[in-house]
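Colleague: I should like to learn how to read the features of a protein model. May we go through them one at a time?

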Amino acid sequence: SLAQVTDEYRSIQSGVWSDPATWEVFDGTSWQPASSIPSTHLVPIRIQTTHTVNIDVPASLIPVATYIIETGGNLTGELVLDYAYRLGSNVPDFIVDGTAETIRVIDYRFSNGISGNGTIGTLEVNLSSPGSGFSNYFSFYGNLKISSSCTISVRGGGRHVSISNSLTILQGAVFGTNAVITSGRLKRYIDSGGNAAYPFGF
């Protein structure tokens with residue numbers, strides 16, 4: 001688990017994202033009731049066990065951060081993140097041991113991904129040019145399950161999707177042109193001819 005950092009948010013009860021009463025914030029020493037909703041980029045946001053938090057704010061109010069959904073925690077609504085100005089970090093961007101209804105990632109440029117043993121309803125990730133000095137991987141760690149759909153779109157060649165342990169996709173997945181799919185002994189290159197579909201998972 002990740003150590004607490006100053007300005008980290010976590011749910012204190014079930015509720016809607018837009019209500020400060022849903023949250024508490026770490027002041028560097030202890031957890032305090034939040035007076036505002038999460039807004040600081042690159043600071044973890046945690047949904048605690050047994051809590052359901054519904055996203056009821058526009059994407060412009062959702063910070064780019066590491067999202068942690070504990071076992072028994074539930075994030076509903078659409079979590080939409082634009083990584084165009086992200087600075088990078090050394091931890092996965094999502095740790096999902098509970099459930100997340102929808103995660104959509106725009107302009108993903110870095111080499112982290114999703115870990116955990118939970119379930120995501122719909123996952124969409126757009127891999128774009130990582131910029132000078134960066135690699136561009138989207139990695140799945142743990143034993144994750146996608147219950148509705150999983151789409152990884154790729155702009156340009158050399159973008160990689162890696163899978164550690166297992167990734168179960170119940171209804172179908174499409175990995176876009178020029179992606180390299182790597183999973184232990186499984187490695188399939190998708191050339192410029194089109195997409196590849198994996199309707200039964202890996």
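Colleague: What does Arg104 form with Glu78, and how far apart are the closest N and O atoms?

Modeller: This is a predicted model. In it, Arg104 and Glu78 form a salt bridge, and their closest N and O atoms are 2.8 Å apart. Arg104 belongs to strand β10 (residues 99–108) and Glu78 to strand β8 (residues 74–82), so the pair ties together parts that are 26 residues apart in sequence.

Colleague: Are Arg104 and Glu78 buried, partly exposed or exposed?

Modeller: The general idea is to compare the relative accessible area with two cut-offs: under 20% is buried, over 50% is exposed, and the range in between is partly exposed. Arg104 has a value of 21%, so it is partly exposed. Glu78, at 38%, is also partly exposed.

Colleague: How many salt bridges does the model have by this rule?

Modeller: The count comes to five salt bridges. One of them joins the side chains of Glu8 and Arg46, with 3.6 Å from N to O. This pair links distant parts of the chain, for Glu8 is in the segment before β1 (9–11), Arg46 is in strand β5 (residues 45–47), and 38 residues separate them. Glu8 is buried because its relative accessible area is 0%. Arg46 counts as buried too, because its relative accessibility is 9%.

Colleague: Which residues are linked with Glu8 and Arg46 in a network of salt bridges?

Modeller: The network consists of Glu8, Arg46 and Glu70.

Colleague: With which residue does Glu24 form a salt bridge?

Modeller: The partner of Glu24 is Arg10, and the closest N and O atoms of this pair are 2.5 Å apart. Here again distant parts of the chain are linked: Glu24 is in strand β3 (residues 23–26) and Arg10 in strand β1, 14 residues apart. Glu24 and Arg10 are both buried.

Colleague: Let us turn to aromatic rings. How many aromatic pairs does a search of the whole structure find?

Modeller: The search finds five aromatic pairs. Consider Tyr9 and Trp23, whose ring centres are 6.3 Å apart and whose planes stand at 80°, so the pair is edge-to-face. The cut-off needed for that step is an angle over 60 degrees. Because Tyr9 lies in strand β1 and Trp23 in strand β3, the pair ties together parts that are 14 residues apart in sequence. Tyr9 counts as buried at 8% relative accessibility, and Trp23 counts as buried at 1%.

Colleague: How are the planes of Trp17 and Trp23 arranged, stacked or edge-to-face?

Modeller: Trp17 and Trp23 form an edge-to-face pair, with 5.0 Å from centre to centre and 75° between the planes. Trp17 is buried, its relative accessible area being 0%. Trp17 and Trp23 also belong to one aromatic cluster, together with Tyr9, Tyr67 and Phe94.

Colleague: Where is Thr76 placed, and which residues does Thr76 touch?

Modeller: Thr76 is in strand β8. With a relative accessible area of 16%, Thr76 is buried. Leaving aside residues up to four places away in sequence, Thr76 touches Thr52, Val53, Asn54, Ile55 and Glu101.

Colleague: How many helices and strands does the protein chain have?

Modeller: The protein chain has zero helices and 20 strands. Of its 202 residues, 48% count as buried. Among the contacts in the protein chain with a separation of 6 or more, 45% join residues 24 or more positions apart. The chain exposes about 9200 Å², and carbon and sulfur atoms supply 50% of that area.

Colleague: What average pLDDT does the protein chain have?

Modeller: The average pLDDT is 74, and 60% of the residues score at least 70. Over residues 84–88 the pLDDT is below 50, and this stretch has nine contacts in the model beyond near neighbours in sequence. Over residues 182–202 the pLDDT likewise stays under 50, and the model has 54 contacts beyond four places in sequence for these residues.

Colleague: How should the predicted coordinates be read where pLDDT is low?

Modeller: Where pLDDT is low, the predicted coordinates should not be read in detail.

Key
Residues numbered from 1 in each chain as written. Heavy atoms only, no water. Salt bridge = Lys/Arg side-chain N within 4 Å of Asp/Glu carboxyl O. Helix = DSSP H or I, 4+ residues; strand = E, 2+ residues; numbered from the N terminus. Buried < 20%, exposed > 50% of the residue type's maximum accessible area, 1.4 Å probe, protein only. Contact = heavy atoms within 4.5 Å. Phe/Tyr/Trp six-rings, centres within 6.5 Å; stacked < 30°, edge-to-face > 60°. pLDDT = per-residue confidence, 0-100. Areas by Shrake-Rupley, 256 points an atom, 1.4 Å probe, with all protein chains shown as cover.
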